[in-house]
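Student: I have a structure open and would like to go through it piece by piece. Can you take my questions as they come?

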Amino acid sequence: MLACKATTWLTRLLPFLVPAACSTAAVDDHRVVIYYQTTQLNNSATEHISLLPLINSAPNISVTHVLVAAIHVMDGSIHLNDYAPDDPIFDQVWTDTAQLQAAGVTVMGMVGGAAQGSFVRLDGDNATFETNYAPLHDMIGTYNLQGLDLDVEESFSLDGVIRLIDRLKADFGDDFIITLAPVAAALTEGGGNLSGFSYFDLEEQRGSSIAFYNGQFYYGWGDASSASDYESIIDDGFPADKVVMGMLTNPSNGNGFVALDSEAPVLQELTSENPTFGGVAGWEYFNSLPGGSDAPWEWAAWMAGYVRSAAATTGEKREISTTEALWRGVRKAGRRVRRNAKKVYRDYIA
């Protein structure tokens with residue numbers, strides 16, 4: 001504990017120290033991932049939205065990963081949202097993230113998203129790649145990011161994403177965490193995909209370099225109000241421990257929000273059916289319910305408490321209604337038929 005207190009004190013003075021894990025950190029089983037894009041209240045230069053309640057508001061830390069978003073690769077430069085990462089508007093962001101790391105939380109960056117152009121710039125010839133990769137590389141090192149989440153919502157070649165993954169691993173080592181954020185449908189055979197490459201091909205060729213996938217179960221690309229879409233991904237071959245269910249934390253953040261009371265039985269089913277369930281991710285932090293903008297950290301606490309308590313009962317008999325039991329059976333049977341039909345088709349065309 002004294003070591004943790006000392007490290008926290010030092011990070012306030014030297015925010016880019018190598019992170020030190022503390023005993024209060026959350027375990028990575030059933031991850032709780034938070035996207036942190038809105039860093040300032042009402043775009044104010046002085047009203048910072050602090051991450052520190054994530055580690056200070058309760059004895060146990062709920063969040064496992066914080067993804068600082070969104071990094072945009074420009075022509076030979078880099079932006080975090082609308083500003084350079086070293087702009088004073090982000091000074092408190094980097095101080096907060098260093099303190100989270102000292103407490104054992106993994107802090108990563110997220111590249112891409114809805115604003116297109118980053119991956120086009122990283123998909124050119126070698127000279128173009130080097131010009132645009134260099135500022136990304138420097139940002140990772142300067143702010144001690146422990147990994148990178150690739151949110152590819154534009155056409156990116158398979159060779160291009162493999163080159164980027166290989167380079168990140170070569171430059172930052174095997175412990176550097178690489179994740180991707182596909183729409184959930186892209187993790188099913190024949191499903192919609194915004195990225196331009198096949199995630200099945202990527203998993204086959206570089207799966208050992210990818211820690212997990214933050215699937216987007218919203219905006220019509222997946223449904224977080226049911227276990228069905230998640231189970232379809234597992235049926236199609238992705239391991240449950242690599243698939244994180246990404247969801248909206250507030251209805252104002254987009255289409256497809258699911259209230260926590262409705263999400264609870266879904267999480268119960270997923271952890272019951274998949275003991276290695278990969279966890280949950282929330283887009284985004286600043287207005288997360290149930291606390292909203294006054295207490296956005298409560299979403300992580302609720303998710304961690306519920307997912308882990310649900311996981312603790314895995315293997316135990318839980319009373320469920322006859323209707324719920326019936327529909328679970330129907331969904332299982334339907335997935336089994338779908339899986340077998342796909343296998344027959346693959347064998348036929350092989």
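Tutor: We can start with the overall make-up and then go to single elements and residues.

Student: What kind of model is this?

Tutor: It is a predicted model.

Student: How many helices and strands does the protein have?

Tutor: The secondary structure comes to eleven helices and nine strands.

Student: And what share of the residues is buried?

Tutor: Of the 350 residues in the protein, 51% are buried. As for contacts with a separation of 6 or more, residues 24 or more positions apart account for 78% of them.

Student: How does the lining divide into nonpolar, polar and charged?

Tutor: There are 15 nonpolar residues, ten polar and two charged.

Student: Back to Gln216. Where is it found?

Tutor: Gln216 is found in strand S7. With a relative accessible area of 10%, Gln216 is under the 20% cut-off and therefore counts as buried.

Student: What does the side chain of Gln216 reach?

Tutor: The side chain of Gln216 reaches the backbone oxygen of Ala181 at 2.9 Å. Leaving out residues up to four places away in sequence, Gln216 touches Asp151, Glu153, Ala181, Pro182, Val183, Ala184, Trp221, Gly222 and Gly246.

Student: Now H7. Which of its residues are buried?

Tutor: H7 covers residues 199-206, and Tyr199, Leu202 and Glu203 are buried in it. Seen down the axis of H7, the buried residues fall within an arc of 100 degrees, so they line one face of the helix.

Student: Why would residues spaced like that end up on one side?

Tutor: An α-helix has 3.6 residues a turn, so residues three or four places apart point the same way.

Student: What do the buried residues of H7 pack against?

Tutor: They pack against helix H6 (158-172), strand S6 (177-180) and strand S7 (212-216).

Student: Which residue caps the N-terminal end of H7?

Tutor: Ser198 does, with a side-chain oxygen 3.2 Å from the backbone nitrogen of Phe200.

Student: On to H8. Is it largely enclosed or mostly open, and why?

Tutor: H8 is largely enclosed by the rest of the structure, because six of its eight residues are buried. The buried ones are Tyr230, Glu231, Ser232, Ile233, Ile234 and Asp235.

Student: What comes after H8?

Tutor: H8 (residues 228-235) is followed by Gly237, whose phi is positive, near 120 degrees.

Student: And Ser232, how far is it from Ala184?

Tutor: Ser232 and Ala184 are 9.8 Å apart in space, C-alpha to C-alpha, and 48 residues apart in sequence. Ser232 has a relative accessible area of 12% and is buried.

Student: There is another serine I marked, Ser118. Buried or exposed?

Tutor: Ser118 counts as buried, at 2% relative accessibility. Its place is in helix H4 (residues 118-121).

Student: What does Ser118 touch?

Tutor: Not counting residues up to four places away in sequence, Ser118 touches Ile71, His72, Val73, Val111, Gly112 and Glu154.

Note on methods
Residues are numbered from 1 along each chain as its sequence is written. This is a predicted model: local features need pLDDT of at least 70, side-chain atom pairs count only at pLDDT 80 or more; totals for chains, interfaces and linings use all residues. Side-chain values use heavy atoms; hydrogens and water are left out. Buried means under 20% relative accessible area, exposed over 50%, partly exposed in between (1.4 Å probe, protein chains only). Helices (H or I, at least four residues) and strands (E, at least two) are DSSP runs, numbered from the N terminus. The arc is that of the directions from the helix axis to the C-beta atoms. Contact means heavy atoms within 4.5 Å. A polar contact is a pair of N or O atoms within 3.5 Å; within protein, one must be able to donate a hydrogen and the other to accept it, and residues adjacent in sequence count only if both atoms are side-chain atoms. Ala, Val, Leu, Ile, Met, Phe, Trp, Tyr, Cys and Pro count as nonpolar, Asp, Glu, Lys and Arg as charged, and the others, Gly among them, as polar.
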